[in-house]
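Here are my notes for your read-through. Please keep the structure open beside them.

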Amino acid sequence: MLQCCTRRTAQNPRFQVAASSAWTSGAALRPAPLQRRTTATAPMAAAAPPKAAAAAATAAEPGRARDPAALWDEIVSVYNRGQALGVSSIAETKPELCRDDSLGVDFVLRVATALRAKPQLPPQAPEQDKAAAAAAQPAARPWRNPFMPPEPELTVCKVGAAGTHTAVLNKFNVVEHHVVVITNKFRSQAEPLSGEDLAAALEVLEAMPQGGVAFYNCGPESGRSQPHKHLQVVPLPFMEGQPPQAPVHVLVEAAMAAAAAAGTAGGGGGSSTSTAAPLQPLQLRQLPYQCFATPLPDSPTPEQLGAACDALLQLAFPGYSYSPTPAMASLPAGASPTDTVTAAAVAAGSVSYNVLVTRQWLMLVPRRAECCGPLALNSLAFAGTILVRSEEVLGFVREKGPAAILAEIGVPW
Ligand code: AMP
């Protein structure tokens with residue numbers, strides 16, 4: 001049974017839309033900018049020229065941990081500037097809490113009609129269809145990798161212990177302060193995540209005053225749109241008045257408790273402790289779709305993060321190993337694709353799955369479909385928030401229910 005309640009954000013100045021867009025799926029609301037550690041909130045007057053942003057991107061100091069409060073100030077400052085300059089947009093959205101009793105989860109549903117305007121690389125179409133579609137649009141502007149280089153006005157700074165990644169503000173926002181974490185050198189979005197990728201995203205997540213959810217859409221059915229490797233981070237809570245946790249947090253907690261009670265933890269490892277130990281792989285068998293999670297220790301190392309993600313990937317896809325597609329392998333060293341067809345081919349060749357990371361856990365969900373009916377969904381749906389494009393689609397979600405939707409796009413046990 002679903003119980004829903006609605007509030008229109010545009011009518012409430014205390015609400016500000018705060019999350020992503022091409023999370024063709026989820027969205028989140030959060031209160032007006034948090035002031036706890038934030039000083040950089042002035043809009044146009046404080047807008048630095050684009051050159052300053054580019055300088056900030058190169059001024060990061062590899063090997064030195066960035067102060068989280070300073071990083072958050074930079075994120076807020078660049079976000080404000082992008083909005084003031086009109087370089088980025090934010091959709092008018094409407095939040096709605098929708099309880100799914102079968103899961104015991106309060107999903108945050110959002111309607112963002114402006115998303116209709118967002119350009120996308122159709123991820124699930126066969127390559128020849130993409131080539132035909134590209135050829136049939138002679139008037140369209142040539143494709144450009146939006147992350148090579150990222151737009152200076154949206155660029156925050158380098159992140160990751162060795163400065164391997166860059167934090168960029170999302171161009172098409174549904175919620176504020178939605179950060180995209182891109183690899184500085186071109187890598188394919190089809191690749192599994194490395195420890196460095198995860199550590200760079202966690203650095204951004206840790207900077208968010210109430211934490212956040214980092215996510216990775218990998219593979220043709222995952223909900224991704226860009227072929228250049230990127231994670232995304234959205235702040236918590238997803239809606240004002242909600243706890244600063246992903247709505248599905250309760251599911252991971254339940255799995256940890258069950259594993260502890262059974263004295264075993266998912267992947268066959270034994271445990272006699274009273275709670276699931278950090279880095280133990282868990283199978284969330286109570287869900288109507290395959291879902292694997294690992295509790296994280298405080299301050300996990302890149303090595304721990306990479307190994308945890310690999311372990312979940314192997315649980316989900318036993319024996320899987322990613323091999324670059326011929327298109328990826330044929331790119332000159334350091335180059336990125338320059339046309340839509342190559343970009344699509346580069347991003348192909350992977351199994352499909354979503355990865356979600358919070359301060360407490362890492363989760364991996366295999367995908368069999370990008371869409372359920374009229375809805376396209378990415379990782380954020382599995383965090384507990386779903387973005388819909390119209391009132392009609394909202395009706396579809398209410399009627400079908402989040403659990404049934406996730407079961408349809410996930411993989412049965
Ligand atoms: P995905 O759809 O999962 O591949 O994620 C791509 C993300 O990049 C989406 O959240 C987009 O809104 C965002 N995006 C697209 N173009 C740009 C851009 N030029 N600068 C920053 N973010 C962008």
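1. Helices (H or I, at least four residues) and strands (E, at least two) are DSSP runs, numbered from the N terminus. Note also that this is a predicted model.

2. Start with the loop between strand E10 (179-183) and H4, where Gln-189 lies. Is Gln-189 buried or exposed? Gln-189 has a relative accessible area of 0%. Buried means under 20%, so Gln-189 counts as buried. Leaving aside neighbours within four places in sequence, Gln-189 is in contact with a set of residues that includes Tyr-216, Asn-217, Cys-218 and Gly-219. Arg-224, Gln-226, Pro-227, His-228, Lys-229 and His-230 are also among its contacts.

3. Now the sheet. An open sheet is built from 9 strands, with antiparallel pairing. The order runs E7-E8-E10-E12-E11-E17-E18-E16-E15. Which strands stand at the edges? They are E7 (155-159) and E15 (282-283). Each has a single partner strand, so one side of each lacks a neighbour in the sheet.

4. Look at the E15 end. E15 pairs with E16 (residues 292-295) in the antiparallel sense, over 2 bridges. Gln-283 stands opposite Phe-292 of E16.

5. Two helices deserve a look against this sheet. Helix H6 (residues 302-316) packs on the sheet and touches E15, E16, E17 and E18. The direction of H6 makes about 30 degrees with that of E18. H4 lies across several strands, among them E7, E8 (165-169), E10, E11 (212-218) and E12 (230-235). H4 also lies across E17 (353-357) and E18 (361-366). H4 runs at about 20 degrees to E12.

6. H4 also meets another helix. The axes of H2 (residues 68-85) and H4 (residues 195-207) come within 8 Å and cross at roughly 85 degrees. On the H2 side, the contact is made by Pro-68, Leu-71, Trp-72 and Ile-75. H4 supplies Glu-203, Val-204, Glu-206 and Ala-207. By class, this contact has 6 nonpolar, no polar and 2 charged residues.

7. Last, check Ile-405, found in helix H11 (residues 402-409). Ile-405 has 0% relative accessibility, so it counts as buried. What does Ile-405 touch, not counting residues up to four places away in sequence? The residues are Cys-372, Leu-375, Leu-377, Phe-396, Val-397 and Lys-400. Cys-371 is 34 residues from Ile-405 along the chain, yet their C-alpha atoms are separated by 9.0 Å.

Conventions. Residues numbered from 1 in each chain as written. Predicted model: local features only at pLDDT ≥ 70, side-chain atom pairs only at ≥ 80, totals over all residues. Heavy atoms only, no water. Axes fitted to C-alpha atoms, helices over the stretch in contact; angles between N-to-C directions. Contact = heavy atoms within 4.5 Å. Nonpolar A, V, L, I, M, F, W, Y, C, P; charged D, E, K, R; others polar. Buried < 20%, exposed > 50% of the residue type's maximum accessible area, 1.4 Å probe, protein only. Pairing = 2+ DSSP bridges.
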